[in-house]
Amino acid sequence: MGDNAQAGAAEFRLLGPLEAVIEGERRHLGGGRQDKLLAALLLAGGGVLTTSNLIDVLWEDAPPDTARRQIHNAIAALRKRLGPARSLIVTDGAHYRVDIAKNSVDAHRFVHAHAEARKASSQGGRTAAIAHLRTALSLWRGPALAGLDGRFIDAAAARLNEQRLEAREMLVDLRLENGEADSLISELTELTTAYPLRERFSYQLILALYRCRRQPEALARYERTRARLADELGVDPGTELRDLHQRMLRGDPELEPPASSTADRRPTPQFGAIRPCVLPHDIADFTGRSAEIDRLLAAGDSTDDTALVITAVDGMAGVGKTTVAVRVAHHLADRYPDGQLFVDLHGYTPGEHPLETGAALDLLLRSIGLPPEQVPHDVESKVARWRSELAGRRMIIVLDNAANAAQVRALLPGSPGAQAIITSRRRLSTLEGSTPVPLEPMPEHEAIELFRRIAGPDRVDHEQDQLRAVVAHCGRLPLAIRIAASRLRHRPMWTIEYLSGRLANERRRLAELSTVDQSVRAAFTVSYRHLSDHQRRLYRLLGLHPGSDFDSGAAATLLNAPSEDVEALLEELLDVHLLTQHKPGRYHFHDLVRQHAQEVAEEEESLDERHSAIRRLTTHHVELATSAEKVLGQAKSLLAAEHRNLVAIAGCARTAGLLDQARLLSSTVGPLLLRNGYLDDALDIYAQGLDAAREGGHRDAEATLRRNLGVALLGIGRYDEAEHGLRKALAIARELGDSEGEAGTLRHIGTVYIRLGRYNDAIATLRTALDALDESAAPFDRASVLANLGVALTKTGRYDEAAEFHLRALGMISGQDNHYAEAMGLLNVGWTYTLIGDLAVARSHLLDALALTRRIGAKEAEARSLYILADCLRRNGETSEALDRGREALVIARTIRDRDVESQALNVLGEIHEGASDLESAAECFRHALRLIKESGQTYKAAQSYQGLARISVKQGDPAEALSCWQRALVIAIDTNLPERAEIEEHLAALRADGVTTGGDRTIPTTMDPCR
């Protein structure tokens, strides 16, 4: 491997599941092929692999015909996934290699450390050899290349796994020579259980037992080993093991422990030869958590020699805190040979009170061998004795399930040499000197792998989508995953799809995630019961919030309490992991915790109390929206945080029968959502409000909401639906004698006609709307109709008349605190003056419109301001800036999914490229615009695209194509009375005068297909 400069920022891990860490961030490589290719290249150690080699890695004996191309594509995808480290993958002709230092790959570091250990051992450096081996083995996170398969991968993984076992054998031998037999027995018991046919581990365990004066157990262990070998393999133990057996029987003095010769051997502690190991067993199906385990393992390395190592693992119920702590303690056992202790403090145990300090100290002192009669009676004396006994000892203590920091302070050793790992559902932020290691629900890929290991791959691998759905229903919470996977494993007739269906029912989900001795609901209930009365009530009421997250204002509204008081309660719920936080000031539930909160709300809050809370919440958001509309820029920030919540709250209010609140919220918030580009949310909230209005018999509200829904449908190009709904709103307004409602509805129908290119119908409809307004009409209502009339007149080429209407409209709304209407007025004036040719006046108004739309967050209006400004700049010869503005408009249009704006921006970009003689780019813009126009049904806009393609065809020497495009443009111009009609006819006449035809067919095309 080489010395690529990026090597220092990249680390690759093969000793466990494949991982790539780039600049400190773990990268997902895409799985499958990319993972296998990277593993193969890393295993090659910098050597080159041919394309044929890589084909063998991926497909072995059955490669597809496209294998070489797929290898090329997979390498390209791998480079992309590696991001800043993409240059590490080097191509040498038809060969590939990784250009990275060997110490950046854990497998190569392991091999090097193992070799150094052998070298040190051969030279008599036992202590150095032990250190090298511990370094080598600490790199392992599980079986090599776990999760990858194939002949090449399997062979490499088998080789590495064998080397790992050899290193463990060597380390045990060295420690036995070092006189550490007593501290090795638990580890060797685990190894012989995992590898029952590996005689070397059995030899070492038997020798260790013998050296600890446990000869009967040593002989019994030999007999069990002999019987297993005979039953399973039909062979006798090897010569070395048989010889050990005979030497034990005759009491060979050479088997006695060697005399201590190392400088670091510690005196026997005063509690005798006991080296307690009371850790719970590690679990075979442990999955993931590599980053957290790495932090816990490294904690001792970053602490000075005078400080106690304290790590505090915190997280919600069921997230796997104890499992992680126990696993780390087992990994660290070699570093703490004087003992490994575990105490459950019962901070959050169903039916148990938290363990008192004195009782916990009794357990700890007796676990290290102190006779009961020597345990002091008072707590202070127990603390002193505990710390005295541990002075100078290297021990690891797991204090599990702590209620709070106060419960564990007295249990901590007072001198260095020991390490304490504490687990708690509460963040132990007040525990001095501790390193917090928070646990979150598992990433999806780890959650899936945990489920697979428990349920069995054969039960799930054929249904990956259902497997993802199940772990999502479990909230990626390890406890829930274990319960669900165990149920599947022990029910042979169930399928993963059937299990997913059972868990899909939210109201039954917590009941499904329960067994005889494990329950997600019970785990959450324990946390809930530890709360104060105020905390419990807030927790219940927050369960009524239907949105994805909330702030302290919404929480205070639900509780009907001052915001500053509620903020403190929220932080307390956050500290005990009943709430989580993804950004400052915003809180949310884990999905399963939310369901628990909803359940206890239904159990402990009356129906009236629940409805009152939802009514307060809905009113709160109506007031927020009303206030935000009046303050420049406030609506933008409000909607960015709350847009999905608003829809959910409207639906919740309607479901609760609070119909007035539901329709009021919809009417207030809908226009804000629409103007700020949240089209889907606007449609959803209008639908909720409309249903509420109909159910409540509110005809006036129904008319308003139908009108608003029509505007939302208009914004996404569903013109037939928009007109249908607006016609219904118009009928209700006329039925109620609502002249303002009638005028407003007619104005929107006029807008539909404008979008459809029916300009004469639009002008007639808008003049009717103007007539429907009486003298008392609000300035905004009159200005809106005038502005739309100006748009229709502009489209028909009556620019001076249109400018007069736009200026009148702008004058009516300026200074009225309706910033959106003012921005649209500025935009319309700028657009019309662009077409008139007064570009200075146009630019001034367009820049003002752009600044205002950005301040209020009106994304659609911002995009329109940008593409019209781009057209103004193009006409003024400012091509570069015009191109920038046009592209900005296109990006926004695609972000808010507004195809009308997108097609307009593409037409303007096409004309800019055309003016810059980039004819290919121009043609592509026009053709793309045509595709969008065809999908939307706004055929009138196609005239601009066809004219652009016609001009390009002339410049490219294809007059027949130009003739075809101009013919299509003429059909549209005639149908919609476009002002460009005369210009198009002139072009057609000139081409025909030159004898150009379209291949003998002189009829005018009527399709919307591109010319070519």
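Guide: Take α9, residues 215–233. Helices here are DSSP runs of H or I with at least four residues, numbered from the N terminus.

Visitor: How do you know that the span of α9 agrees with what it should be?

Guide: The expected span is 1.5 Å times one less than the number of residues. For the 19 residues of α9 that gives 27 Å, and the end C-alpha atoms are 27 Å apart, so the two agree.

Visitor: Is this an experimental model or a predicted one?

Guide: This is a predicted model: local features need pLDDT of at least 70, side-chain atom pairs count only at pLDDT 80 or more, and totals for chains, interfaces and linings use all residues. Residues are numbered from 1 along each chain as its sequence is written, and side-chain values use heavy atoms, without hydrogens and water.

Visitor: Which residues of α9 are called buried?

Guide: A218, R221, Y222, T225 and L229. Buried means under 20% relative accessible area, exposed over 50%, partly exposed in between (1.4 Å probe, protein chains only).

Visitor: What covers the buried residues?

Guide: The cover includes α7 (181–194), α8 (199–211) and α10 (239–249). After α9 comes G234, with a positive phi near 70°.

Visitor: How much of the protein counts as buried?

Guide: Of its 1012 residues, 53%.

Key
Helix = DSSP H or I, 4+ residues; strand = E, 2+ residues; numbered from the N terminus. Contact = heavy atoms within 4.5 Å.
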